[in-house]
Amino acid sequence: MRPIGAALLLALLAGPARAEDASIRVLLLDGVRSVSVQPEGGRERRVEAGRALRLPGPGPHQVEGRPYRGVVEIAPQPGGRLRVLNELALEAYVAGTLLGEVHESWGEAVLEAQAVAIRTYALHRRAQAGAHGWDVEADTRGQVYLGLAGESEAAWRAVRATRGLVLAWNGELILAAFHATAGGRTASAAEVWGRPLPYLESVAVEGEEVSPDTYWRARVSSDELAAAAAALGADVGRLERIEIAGRTPSGRCASLRLHGSAGGAEVTAADLRRALGERRLRSTLFELRPAPDGVVFVGSGRGHGVGMSQWGARAMAERGAGYRAILGRFYPGARVVPVQAIGAAHAGARGGSS
């Protein structure tokens, strides 16, 4: 989550005639034993483990029945597995990701705000990709990229309306985090990731009540809780009791204490959520209710809670806010600027990332 300095960003974007024409490498699949591909204008084939294949751009090429613009690369990995990457132009990536993140019916202001956030996040991740071989994952570990099948006329209008625009703080790309629903208040970067970022502070969110994640319940048995705790290195034996041990400033559960036949242990709420499944425990904003042979998590919100609430953005748009107002609300102090302006304002002044 370090800031991206101007010199580094300019080096990463070197080559294209314009900075917004940079390419993004997306991890589509990893660890699979075979994959179905169909080159543009060609016949479908199955690539088995141990084989390598490169399909040049511009495509589209189909991977497991879904079309993707740009280059598709299939590379063998240890253990008889395959990795599938898609490299394509940044703006096409934004268009193919928009409807994986928000609904088209939410209107142009939400689509435009999300487009700027997607673009910023992708470039931020690209600058920190290191030796991965890819910039961002095509699922919730990164951003939900749907390829050509996810594009629409409305998505492309939002991309064109915001072409090349990113979010910056003091001339550097921000970590443009976002999530589905905050549950009434976003979380700060400090309380979730342990590092304060001035543009990712906790803010109140109005109008999320229509979200399906505003109120949720998840029943978990004592055996499941004990197994999850043991997987986290906190083996308490047969679980007897669980309680919330601490909360973050935005009200989310920070940690839980488990009491069992073999003693007590404390685990973080984020770790327990991952162990039990993030679809099951939709957020760490929850209370506990006792249940026969277990506990019921009664919660609100979906996701880590940092940055832009997508349902909160929808509510703002319904009240007449434009995309800049939406971004200003959820990334306070960050500015919407052309990506070239980052280098123009700071090139040579800093000499790299800080």
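Modeller: Happy to! Let me start with what I mean by a meeting of residues: contact means heavy atoms within 4.5 Å. Please keep in mind that this is a predicted model. The part to look at is helix α3, residues 108-127, and we can begin with its packing against helix α2, residues 90-101.

The axes of α2 and α3 come within 9 Å and cross at roughly 125°. Angles from 65 to 115 degrees count as roughly perpendicular and those over 145 as roughly antiparallel, and the angle here makes α2 oblique to α3. Their crossing is right-handed. On the α2 side, the contact is made by Leu90, Glu91, Tyr93, Val94, Thr97, Leu98, Leu99 and Glu101, and these meet Leu111, Gln114, Ala115, Ile118, Arg119, Ala122 and Leu123 of α3.

Now turn to the partner α8, residues 310-318. Here the axes of α3 and α8 come within 8 Å, with a crossing angle of roughly 140°, and the two helices are therefore oblique to each other. Again the handedness is right-handed as α3 passes α8. From α3, the residues Ala109, Val110 and Gln114 take part, meeting Gln310, Ala313, Arg314 and Ala317 of α8. This contact divides into four nonpolar residues, two polar and one charged.

Definitions and conventions
Residues numbered from 1 in each chain as written. Predicted model: local features only at pLDDT ≥ 70, side-chain atom pairs only at ≥ 80, totals over all residues. Heavy atoms only, no water. Axes fitted to C-alpha atoms, helices over the stretch in contact; angles between N-to-C directions. Helix = DSSP H or I, 4+ residues; strand = E, 2+ residues; numbered from the N terminus. Parallel < 35°, antiparallel > 145°, perpendicular 65-115°, else oblique. Left-handed = near helix turned anticlockwise from the far one by under 90°. Nonpolar A, V, L, I, M, F, W, Y, C, P; charged D, E, K, R; others polar.
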